Amino acid sequence: MGCGSAASRAAVEHRYEVRSRELRYRGRIFEVVTEEVTMPGGGTAARDLVRHVGAVAVVALDDAGQVVLIRQYRQPVGRRLWELPAGLTDVSGEDPAVTATRELAEEVDLTAGRLDVLVDVHSSPGFTDELVRVFLARDLGEVPVEQRHHRHDEEADLQVVRIDLDEAVGMVLAGEISNGPCVAGLLAAARAREAGWSGLRRADAPLPR
């Protein structure tokens with residue numbers, strides 16, 4: 001027996017409704033709330049969740065097939081992680097592609113002549129609505145020395161390296177790279193390259209809803 005049409009499946013899906021919401025914490029980057037949500041079969045359940053401003057990350061691929069990775073200290077895990085150049089989408093109304101271009105310049109001193117969307121990642125939907133859009137940047141150039149961003153806090157300790165894309169994918173599979181957007185972005189870039197870049201979305205493609 002088949003699974004039926006998408007329309008028929010949607011017709012029987014439960015509609016989750018928020019009956020109440022209580023703010024537990026509000027900060028610059030995220031807020032923690034408790035929501036009472038209707039459940040299938042009747043009744044409600046309380047769910048604690050983190051509302052996040054969102055972020056972007058960039059797979060910067062040079063003409064030699066190398067990607068730009070950074071190694072940055074992250075206090076929640078207490079160690080340095082391999083990551084992509086990335087940043088928060090915390091400027092109201094700013095296009096994510098503009099944010100990505102700025103972060104690429106500020107974190108690794110690079111410009112991009114071409115920017116496409118690789119993949120969108122809900123980082124941990126079991127407790128947060130954080131969405132990370134990962135871009136592919138190509139036709140890379142250098143930011144002039146006199147225009148480079150002065151990095152501070154953890155960013156002052158950044159290590160920037162270029163690694164062959166296939167080697168970076170190997171690091172993912174070996175467990176050496178565990179940052180979620182970095183994992184997703186590198187694997188997506190390798191797959192997109194195999195497809196001749198034919199499946200890429202425009203830099204201004206709508207975010208998933």
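**Ground rules**

I number residues from 1 along each chain as its sequence is written. The model is predicted, so I ask for pLDDT of at least 70 for local features and 80 or more for side-chain atom pairs, while totals for chains, interfaces and linings use all residues, and side-chain values use heavy atoms, with hydrogens and water left out.

**Entry 1**

I took helices and strands from DSSP runs, numbered from the N terminus (helices H or I, at least four residues; strands E, at least two). Two strands pair if DSSP finds at least two bridges between them. I looked up S2 (residues 30-38) and S3 (residues 44-52); they run antiparallel, joined by 9 bridges. Thr34 faces Asp48 of S3. The two strands make a hairpin with 5 residues between them. In that turn, I found Gly41 with a positive phi of about 85°.

Is Arg138 buried or exposed? Arg138 counts as buried because its relative accessible area is 13%; buried means under 20%, exposed over 50%, and partly exposed in between (1.4 Å probe, protein chains only). Its side chain makes a polar contact of 3.0 Å with that of Asp116. For a polar contact I require a pair of N or O atoms within 3.5 Å; within protein, one must be able to donate a hydrogen and the other to accept it, and residues adjacent in sequence count only if both atoms are side-chain atoms. Leaving out residues up to four places away in sequence, I listed what Arg138 touches, including Leu61, Ala112, Trp197 and Leu200. Contact here means heavy atoms within 4.5 Å.

Arg133 is also placed in S9. I noted it as buried because its relative accessibility is 2%. The Arg133 side chain reaches the backbone oxygen of Pro206 at 3.0 Å.

**Entry 1: the pockets**

I used a 1 Å grid over the protein atoms alone; a pocket is an open set of points where a 1.4 Å probe fits, with protein on both sides within 12 Å along at least five of seven lines, and lining residues have an atom within 4 Å of a point. Points are joined across faces, edges and corners, and a volume is the space filled by probe spheres set on them.

The largest pocket holds about 1,300 Å³. Which of its 42 lining residues lie nearest its centre? I read off His52, Arg74, Glu83, Leu88 and Glu130. Among the elements that supply at least two lining residues each are S3, helix H2 (96-108) and helix H4 (180-194). I sorted this lining into 18 nonpolar, 12 polar and 12 charged residues. Nonpolar covers Ala, Val, Leu, Ile, Met, Phe, Trp, Tyr, Cys and Pro; charged covers Asp, Glu, Lys and Arg; the others, Gly among them, are polar.

The second largest pocket comes to about 230 Å³. Its lining includes His52, Asp129, Arg133 and Pro208. I counted 6 nonpolar, 3 polar and 3 charged residues there.

I found Pro76 in the loop between S5 and S6. Pro76 is exposed, because its relative accessible area is 81%. Its C-alpha atom is 14 Å from that of Gly180, 104 residues apart along the chain.

Met171 sits in helix H3 (residues 165-173). Met171 is buried, because its relative accessible area is 8%. Beyond four places in sequence, Met171 touches Trp82, Ile163, Glu176 and Ile177.
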